[in-house]
Protein chains: 2
Amino acid sequence: MAVFNKIALIGIGLIGSSIARVVRERSIANKIAISTRSQQTLDEAIALNLGDEYHTDPTKIVEDADLVILCTPIGVVGKITRAISTHLKPGSIISDVSSVKVSVIEQMLPHIPDGVNFIPAHPVAGTEKSGPKHGFPTLFDNRWCILTPVESSSDKAIELLKEFWQACGSNIEIMEAEHHDRVLAITSHLPQLIAYNIVGTADDLETVTNSEVIKYSAGGFRDSTRLAASDPTMWRDVCLHNKEAILEMLARFSEDLSAMQRAVRWADGEALFDIFTRTRNIRREIIDAGQEIDVSNFGRDE
Amino acid sequence: MAVFNKIALIGIGLIGSSIARVVRERSIANKIAISTRSQQTLDEAIALNLGDEYHTDPTKIVEDADLVILCTPIGVVGKITRAISTHLKPGSIISDVSSVKVSVIEQMLPHIPDGVNFIPAHPVAGTEKSGPKHGFPTLFDNRWCILTPVESSSDKAIELLKEFWQACGSNIEIMEAEHHDRVLAITSHLPQLIAYNIVGTADDLETVTNSEVIKYSAGGFRDSTRLAASDPTMWRDVCLHNKEAILEMLARFSEDLSAMQRAVRWADGEALFDIFTRTRNIRREIIDAGQEIDVSNFGRDE
């Protein structure tokens, strides 16, 4: 049985279109309405047959929706919420998919009308590709979806949204928004910035050409390039909206890197061996937790 | 037709055992002799039927070998070359597989007898796994193998070694040892150290638990853990033996990271967007060059 009668997706990129696909495939809602600002992206969504109703104006698709999910970059969720606010159905749920939660709450909460349940959510899943055509229905399978309910979110609405994400394949975790933002700063935002930085550093070298970097990238560099191929708008907004936690993680990372650099300079083999040994097991634990595939080299070669 | 009659592999980890497998599978040599210091590893190699002749003492397997390849950590190649020096067959080739070339030449060259061709080599290929059982015969297919011949290497011997590595599946590049070490410092050694460092930083946090890092690792963190699962001994030796080039790349990386950190602190969205945009194309170029697979998320999900 469907969890909701109608859902409205505002924004139809990788995450929005993956939600549309899994909802359609598993009949999690009876009706899918899609809105996106750009007519071109909307046309792509129509061509992919992702929904039942399409509009460039989000106010037009939310009026009878039981669940509205904002799947846009973080920077615009406040503006959109303000725009659709008076059109939301009493008793409905409004949620999002952003990788940052404190800022999303600050932006959206002031515009949530009484009687509408606001439950921020973050499905921790994705790929380096963006746009509606790159979504796929199994994206959320066995990934975690973190809910960070605000005080006014009703228990019944939280239960329904949990049920929705579980039907999409996710495991559910409830968390404080502040804690979420620190957890994601280390598990997602820092690795992302580091990947962008390493690719940028390589790109700038005068003594090693780009074509050499590309040719010999199998030495380890190509791993970094996956994250560095992600959507720049999305990641700019993450940086702007999770500034404090990201700066803390960057500072810690830099301190640790200085210590490693010192060990290299002083040829401290023992210190290097210790650092390189303690990090070895964490991958095994991630595989055991079902969050990584158990094949070497990401299964590229064997 | 076989390129060599007999090859001798000293060290039988991921690379050595992959050479043994491809040589056997494609009949690149008629006879494979294997030596490794530890009886336990040698027993593993015997159980895997990787060779035709086995010994813990390398001097015992090189006497009639046409090609000797050192597949050990960088730290011991000098000592081993000295030990086998007087046992090498006149006219034979001695090579290695290390990720650092200047230090390998400094360590090995003084012990190379007249009439033996010393040709340092580096197949740019690998996985995060180590040990003989993790090798596989296609590891070198379509990867680059860099030769850094010394002055005394004969042209005929260089041709033969090229033929050997081509038969193993590799493309060949000839390079100066100093340049090789800078190219690998950026394409391999820096990404490796950064991966170790990011996993170490995450492991040290007091406010985010390890089990949270593991659970939400799909946000990007798990990519870093692949490289950080690599062999600590090998990487300690790389750091100790390519110190100057690694320190230069670390310094450049840190400068760039400070600039990025500043852009985050001052909420400079334009600067961040620029950094995040210029790195996007390099992955496409690596895919086009055949050095990466063309599936999103390393093919994990779809």
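Me: Let's start with A:Ser130. What does A:Ser130 touch, leaving out residues up to four places away in sequence?
Reply: A:Ser130 touches A:Gly13, A:Leu14 and A:Asp231. Touching, or being in contact, means that the C-beta atoms of two residues, placed from the backbone, lie within 7 Å.

Me: Before I go on, what am I looking at, and how does the numbering work?
Reply: This is a predicted model, where local features need pLDDT of at least 70 and side-chain atom pairs count only at pLDDT 80 or more, while totals for chains, interfaces and linings use all residues. Residues are numbered from 1 along each chain as its sequence is written, and chains are lettered from A and ligands numbered from 1 in the order in which they are written.

Me: Ok, back to A:Ser130. Where is A:Ser130, and is it buried or exposed?
Reply: A:Ser130 sits in the loop between strand E7 (121-123) and strand E8 (144-147) of chain A. Helices (H or I, at least four residues) and strands (E, at least two) are DSSP runs, numbered from the N terminus. A:Ser130 is buried, with 20 other C-beta atoms within 10 Å. The cut-offs: buried is 20 or more other C-beta atoms within 10 Å of the residue's own, exposed is 12 or fewer, and partly exposed is in between, with C-beta atoms placed from the backbone.

Me: And A:Asp57, buried or exposed?
Reply: A:Asp57 is exposed, with 11 other C-beta atoms within 10 Å. You'll find A:Asp57 in the loop between strand E3 (53-55) and strand E4 (67-70) of chain A. From C-alpha to C-alpha, A:Asp57 and A:Ile84 are 9.3 Å apart in space, and they are 27 residues apart in sequence.

Me: Switching topic: how many residues does each chain put into the contact?
Reply: Chain A gives 94 residues and chain B gives 94 residues. On the side of chain A that touches chain B, the largest share comes from H6(A), with 19 residues. That side divides into 47 nonpolar, 24 polar and 23 charged residues. Here Ala, Val, Leu, Ile, Met, Phe, Trp, Tyr, Cys and Pro count as nonpolar, Asp, Glu, Lys and Arg as charged, and the others, Gly among them, as polar.

Me: How do H10(A) and H11(B) pack?
Reply: H10(A) and helix H11 (residues 243-265) of chain B pack at an angle of about 165°, with their axes 11 Å apart. Axes are lines fitted to C-alpha atoms, for helices over the stretch in contact, and angles run from 0 to 180 degrees between N-to-C directions. H10(A) and H11(B) are therefore roughly antiparallel to each other. Angles under 35 degrees count as roughly parallel, over 145 as roughly antiparallel, 65 to 115 as roughly perpendicular and the rest as oblique.

Me: Which classes of residue make up that contact of H10(A) with H11(B)?
Reply: The contact of H10(A) with H11(B) has 10 nonpolar, 4 polar and 4 charged residues.

Me: What about H10(A) and H7(B), what's their angle?
Reply: H10(A) and helix H7 (residues 177-204) of chain B pack at about 125°, with their axes 9 Å apart. H10(A) and H7(B) are therefore oblique to each other. The contact is made by A:Arg252, A:Phe253, A:Asp256, A:Leu257 and A:Met260 of H10(A), together with B:Leu193, B:Asn197, B:Ile198, B:Gly200 and B:Thr201 of H7(B). By class, those residues divide into 5 nonpolar, 3 polar and 2 charged.

Me: Inside chain A, how do H6(A) and H10(A) cross?
Reply: Their axes come within 9 Å and cross at roughly 60°, so H6(A) and H10(A) are oblique to each other. The contact of H6(A) with H10(A) divides into 9 nonpolar, 1 polar and 2 charged residues.
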